[in-house]
Structures are given as C-alpha cells and as structure tokens.
Amino acid sequence: MRELALNILDIAENSLAAGAKLIGISLTADFDEDRMEIGITDDGCGMDKDTLARVTDPFTTSRTTRSVGMGLPLFKFSAESAGGRFHIESEKGKGTSVTAEYRISHIDRMPLGDFGGVVLQLVTMNQGVDFRVAVKVGKAEGVLDTREVREILGDVPLDAPEIRAFLRDYIQENLVSIYGGRL
Amino acid sequence: MKSLEELKALRDKMKSQTDNRAVAGTDETVIKVGMATCGIAAGARPVLTALLDEAEKRQLHNVSISQTGCIGLCRLEPIVEVFRDGQKYTYVLMTPEKARRMIVEHVVNGNPCQEYLIGEN
C-alpha cells in the first residue's frame, strides 16, 4: 500500500463484506496540532471479543481462500509507524468502527493519495449500500451523503455515466478541496 | 461549487431522455475486478478506473463493470475477469494501459488479448 486512501478502500471493503448498509468515512485534519485522523464506521455484522482481539494479527482472516489477512495489520502499521495510534471497536450484530491517527509531518506518514477517487469508486460501485463521507479541516467541513443523493435521484442509478461525472466533480469541489493537496 | 440542486436538474434531464440501455439485450459483457487487499496493493484501483473511463468514453452500455473479493491468485493481481459469450476470460497482472487495450480489442472488437490471459504468463 502506497496511499492511505487505498487503506480506506480496503477497510471499507471489509465493511461491505460484513453486510453493512451504511458506512461512514471521516477524514479530520488539524494542521496546527499536526495531527490527522481517519475513521471508518459501519453497521455490519461486527465480531465477537475473541475475533476482535486477534483481528490485527495477519494470520487471522475471515476469507477462505487462504489463511493470511493483511488489511487491518497494514492499516494499523501505517498509523503506528507515523507517530499515531490505531483503534478498533466492534460489537457482534451492531457494527465495527476503525480509527487511525497520524502525525501529519512524520517522515514515515504515507501520503493520503487519491481519496476522491476512492470515494467515487465506493459510492458508485455499491448500489445497495449508503455512504456518509465527511472531511473536516479546522472550521471547513464537507459532506457527501448518498442517502440525500438517492432521495433526489429516485430510480436513476448512481453508476449512470452522467451521475458518476457529477459525483466526481462534487467530491472534488466539496471534499478534496477542503484539504486541497496538503495531505 | 457543485451542489445537490444541480443534481435535481440533471435527474430531470436524464428522465426525459429515452434510455438506450434497455435495448442492450442479452449480449451483455460482465467485467469483474478483484478488489481485496492483494488486488488493491497490486494496483487494482487504477485498473478499475481505466475500465470505467474507457467504457464511459466509448458509450458502452451493454457492459457491466463491478468489483469482487479475492479471486485466490494474489500473486497474479490485478486480475480482471471478463464473462462473454458464456465463457470466462481471466486477465492477469493488469495495468491501466492493458485494461484500455482489453476494452478495445476484446469488448468492442471481440478478439481476446491472448498474451494477457492466465496461462500465457
């Protein structure tokens, strides 16, 4: 993984696999305090205490094709090697919440990368799932909530080319411009 | 700045257009991109973006592009599976450039790119 955005995509894919209907993605940065935080929250199937305790071990996975699962360990490593912290909470039947904190100026902090592209992919490629994406830097805040978008669109799908083009610009102007190349 | 108000106008415009997609019929091509940790780390996201952009550019309405989990051959990721004419074609070690060529030669013109298929590598 070379971008934090790809980690976000990867963790959100876990949420999708857990059968989530609403996934929240938050990106918060405070340049004065030199810290940023990424959070992914879902209302999927969650996990029991036993699994939760082992989940950042790369030899724990829910998949059946092989016994190695690198997603969460890589995300945890990305935070802890950049002067930050990693936290995961989960409750069986309720959902899971993953948070990673970084020191923005740390030399080993991975660049955020194409966050807008990841958001676009998540919202347009997963028809039955809603997303609430929020970016906050200081007092500036931008939100994309697919529930609002779907309410307006009615039966027009989010992956129609015209809608995808609209969402691409919307994400760029309302989310990406908030941190504008500084992460 | 783009607002949700504009989205309403766009929706009304789209609803008034006749939908060509409904006539696409049975000759649909299904494309799946492996999007698990292995695929993402190997570069599956730019590949998927290239496929979507190319399909949009060429107005390919009888093509459905989606993502899937781990296909089980992590070493050959990014993997793109194409389902067409009742057959499955597995493209391995893909790049955005290869993906664009695959769309042109296979999806549009019907000639699979043999050298990118599994078994040729």
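In the hairpin of E3(A) and E4(A), which residue takes a positive phi, and how many residues stand between the strands?

Modeller: The model is a predicted one, and what follows should be read accordingly. In the hairpin of E3(A) and E4(A), Gly93(A) takes a positive phi near 85 degrees. The hairpin has 3 residues between its strands. Strand E3 of chain A covers residues 85-91 and pairs with E4(A) in the antiparallel sense, over 7 bridges. Within E4(A), Thr99(A) stands opposite His87(A).

E4(A) also has a partner in strand E2 of chain A. E2(A), residues 35-42, and E4(A), residues 95-103, run antiparallel and are joined by 8 bridges. Two positions illustrate this pairing. Ile38(A) has Ala100(A) in E4(A) as its bridge partner, and Ile40(A) stands opposite Val98(A) in E4(A).

Chain A has an open sheet of 6 strands in the order E3-E4-E2-E1-E5-E6, and the pairing is mixed. E3 and strand E6 (140-145) of chain A stand at the edges; each has a single partner strand, so one side of each is left without a neighbour in the sheet. Direction ignored, neighbouring strands of this sheet are turned by 5 degrees against each other on average. Helix H6 of chain A, residues 161-179, packs on the sheet and touches strand E1 (22-30), strand E5 (130-137) and E6 of chain A. The direction of H6(A) makes about 145 degrees with that of E6(A).

Ala12(A) counts as buried because it has 24 C-beta neighbours inside 10 Å, the cut-off being 20 or more. Ala12(A) and Arg182(A) are 170 residues apart along the chain, and their C-alpha atoms are separated by 23 Å.

H1(A) as a whole is mostly covered, with 12 of its 14 residues buried. Among them are Leu4(A), Leu6(A), Ile8(A), Leu9(A) and Ile11(A), but also Asn7(A), Asp10(A), Glu13(A), Asn14(A) and Ser15(A). The length of the helix can be checked: at 1.5 Å a residue, the 14 residues of H1(A), 4-17, should span 20 Å, and the end C-alpha atoms are 20 Å apart, which agrees. After H1(A) comes Gly19(A), with a positive phi near 75 degrees.

In the contact between the chains, 27 residues of chain A are in contact with 22 residues of chain B. On the side of chain B that touches chain A, two or more residues each come from helix H1 (4-16), helix H2 (37-42), helix H3 (44-57) and strand E2 (63-68) of chain B. H1(B) gives the most, with 6 residues. By class, this side of chain B has 11 nonpolar, 6 polar and 5 charged residues.

One helix pair can be described in detail. The axes of helix H5 of chain A, residues 146-153, and H1(B) come within 9 Å and cross at roughly 35 degrees, and the crossing is right-handed. Glu148(A), Val149(A), Ile152(A) and Leu153(A) of H5(A) make the contact with Leu4(B), Leu7(B), Lys8(B) and Arg11(B) of H1(B). By class, this contact has 5 nonpolar, no polar and 3 charged residues. An α-helix has 3.6 residues a turn, so residues three or four places apart point the same way.

H3(B) passes the length check as well: its 14 residues should span 20 Å at 1.5 Å a residue, and its end C-alpha atoms are 20 Å apart, which agrees. Its buried residues include Val47(B), Leu48(B), Leu51(B) and Leu52(B), as well as Arg45(B) and Glu54(B). Just after H3(B), Gln59(B) takes a positive phi of about 55 degrees.

Chain B has an open sheet too, in which 4 strands follow the order E2-E1-E3-E4 with mixed pairing. E2 and strand E4 (87-91) of chain B stand at its edges, each with a single partner strand, so one side of each is left without a neighbour in the sheet. Neighbouring strands here are turned by 20 degrees against each other on average, direction ignored.

Key. Residues are numbered from 1 along each chain as its sequence is written. Chains are lettered from A and ligands numbered from 1 in the order in which they are written. This is a predicted model: local features need pLDDT of at least 70, side-chain atom pairs count only at pLDDT 80 or more; totals for chains, interfaces and linings use all residues. The expected span of a helix is 1.5 Å times one less than its number of residues. Two strands pair if DSSP finds at least two bridges between them. Two residues are in contact if their C-beta atoms, placed from the backbone, lie within 7 Å. Ala, Val, Leu, Ile, Met, Phe, Trp, Tyr, Cys and Pro count as nonpolar, Asp, Glu, Lys and Arg as charged, and the others, Gly among them, as polar. Axes are lines fitted to C-alpha atoms, for helices over the stretch in contact, and angles run from 0 to 180 degrees between N-to-C directions. A crossing is left-handed if the near helix is turned anticlockwise from the far one by less than a right angle, and right-handed if clockwise.
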